[in-house]
Every structure is written in structure tokens, then in C-alpha cells.
Amino acid sequence: MPLGRCFSRRSWYIAWRQIGGDTRGVIHVEGVSFSYPGASGAAIRELSLDIERGSLFGLLGPNGSGKTTLISLITGLLRPDAGAIRIEGASPRRLALVPQDYAFYARMSVAENLDFFAGVCGLAGERRRERIAAVAAVAGLDAFMRTRAARLSGGLKRRLNLAIGLLNEPELLILDEPTVGIDPQSRHFILESIRRLNAAGTTVIYTSHYMEEVQSLCDVIGILDQGRLLACGRLERLLAGTGGTSLALGLAEPLDAAASASLENAYGLERAGSELRASQLGSGALVPLLASIERSGGRVARLRYGHADLEDLFLHLTGRELRD
């Protein structure tokens, strides 16, 4: 809903009321709990979290884990039932949320949208023109300024969302699934833009279901489930704690039930969607496993073998059952 952008100035004010004088960090979440009216359980449960200035923080969790609720609490859209949130060393006018939904007016052109939301941010005169030109350049929208937003491709719509979020030169930028449903070229462009913004000093909170995207982009990871923080820290430290060597392989066609069960039992494999996985498989077992698959009439279509990655860690902590 386009008018969703208009909440931002009020939410910044709410967040600013929680700001302290310490400038060592950006966000401190201390023992925060929150429940929606009528809900059977808490959406956020006694959660504590620090996000340091200048970090590129990846916030992960299954559907319903509490990510959107936590973002709403950080931005001031919701107030915690218990605990406290402090945003330190950042001006309330330099906080921005880029939502997953398209948050612009479809009937207006790119230029008209940027001009309107620049006004929402309180920009005027030459400064307004400068910021519109700057964010259009960052998002690669210069050639589309006169195009009606409804006629943009999915990738360009995501880039317009990003451009609007950058109008106030945010010190803290929160991105909620900014690459959903777009082509690889647009995804690459957006990710590179985020890297450059972070390198220039912007603190970024980034949520996504694309594990490889988060692993390549973020230096600090937090994994949330059922309103609790399951793990948080630098990616290399989290992965080092998983231990072992992981295997994920996909077959061109499924094996029959008997052959599949035999392999799973012999090599400690388990099914994960269309793949067979093992959390710890010695290098000496890999060649015999592949030979066994071939003898059983199977053909490996893809294989990944090596140290555990972010997806392995995520599934280990949150489980493999499907979430609505």
C-alpha cells in the first residue's frame, strides 16, 4: 500500500524517544517480548540483540518466526510489552525501512514518486533535487524517470522501492526481502548497491529467504524462530561451530523406495525436499556412495560437498518441517 510510506516520520519519532546518548552502537534490544491481541502465544519472547554500527546484519527465520514483528518493533510501528529497544547514534530522520511490498504509487511515474516521497522526508528546494538525482543514479533509474511505475518490470519496481528508501540518506537501512521475485541481473545489481551503501558507512539490516544471498552479503547473522534468537554472531564463527562435512545431492530421477532406504541407512542420509543430505560424511565415503547410487540405477544431477554452509546451519537450528 503506497500510503505505508507515510507512517515513517511518525515511526522515526517513536523510535527517537528511545534513543540514548551512547554512540558506540546502533540498536540494542534488551529482553523484548511482544504478543498480538488475541494470539495464543508471544510473537517475540524475551529477545536480546545488539547490532553494531556499520554492520551488514542478516536477519533469518522461517515463516512466522517473528522477523516482521521484530522489524516493526525496531522501527517503532509496534511497542514492546516488556523490555526496551534503544537506537543510538543515529538521527531519527535517517532511519529507513524498505518493505517487501511495493510501496509507491503505481499510477505515478518514477520521477513523480521520488518527488512525492522526497516531500514526505521533508526535503525541499535544491536539496530535494540533489537527493532525487542521487538515488535515481544508485538504483539505475535514470532512463525510466518518466515511466509510469505500473509499467516497470519486477526488478525495476524493486529498485524504485530501494531508491525511495534512500531519499533521506539513511544511517540505518532496513531491507525486508528486497530481491523477491526478480531476475538474476536485477538481484545482482541490488546486492551490489547494498554492498556499496554499507561500505560507505550505512548500517544495514537485511532479511531474506535466499541463504546463498545472505551468506555472500552479510557479515553478521541472526537466526530467529518462534520469537526467540537461536543464534547470532559473525558468519564464520557460527559455521565453525557446526563441525563436520556436509553433503547435499540431487538425483535426476528418484530411486525406488527399497534402494533409497538402503542408501539412507548405509550412509546416514536424510531427505530434504528433492535432495539427499548428510550432515557429516567422511571423504572416504563419498566415492562408494556415488558408486552405490550408480549401481542402483540412479544418476546424480547436482552435488555439493564440503564444510557446512548457512543453509545447513539454518536447517539444523530451525528443523526441516514445512512452514506455512
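Reply: G155, R158, R159 and L162 in α5 meet S186, F189, I190 and S193 in α6, where contact means heavy atoms within 4.5 Å and helices are DSSP runs (H or I, at least four residues) numbered from the N terminus. By class, this contact has three nonpolar, three polar and two charged residues, with Ala, Val, Leu, Ile, Met, Phe, Trp, Tyr, Cys and Pro counted as nonpolar, Asp, Glu, Lys and Arg as charged, and the others, Gly among them, as polar. The model is a predicted one, in which local features need pLDDT of at least 70 and side-chain atom pairs count only at pLDDT 80 or more, while totals for chains, interfaces and linings use all residues. Residues are numbered from 1 along each chain as its sequence is written, and side-chain values use heavy atoms, leaving out hydrogens and water.

The axes of α5 (residues 154-165) and α6 (residues 184-199) come within 9 Å and cross at roughly 15°, axes being lines fitted to C-alpha atoms over the stretch in contact, with angles from 0 to 180 degrees between N-to-C directions. That makes α5 roughly parallel to α6, a description used for angles under 35 degrees.

Helix α5 also packs with α3 (residues 110-120), at an angle of about 25° and with the axes 10 Å apart, which makes α3 roughly parallel to α5. Here V110, N113, L114 and F117 of α3 meet L160, A163 and I164 of α5, and by class this contact has six nonpolar, one polar and no charged residues.

Methods
Helices (H or I, at least four residues) and strands (E, at least two) are DSSP runs, numbered from the N terminus. Angles under 35 degrees count as roughly parallel, over 145 as roughly antiparallel, 65 to 115 as roughly perpendicular and the rest as oblique.
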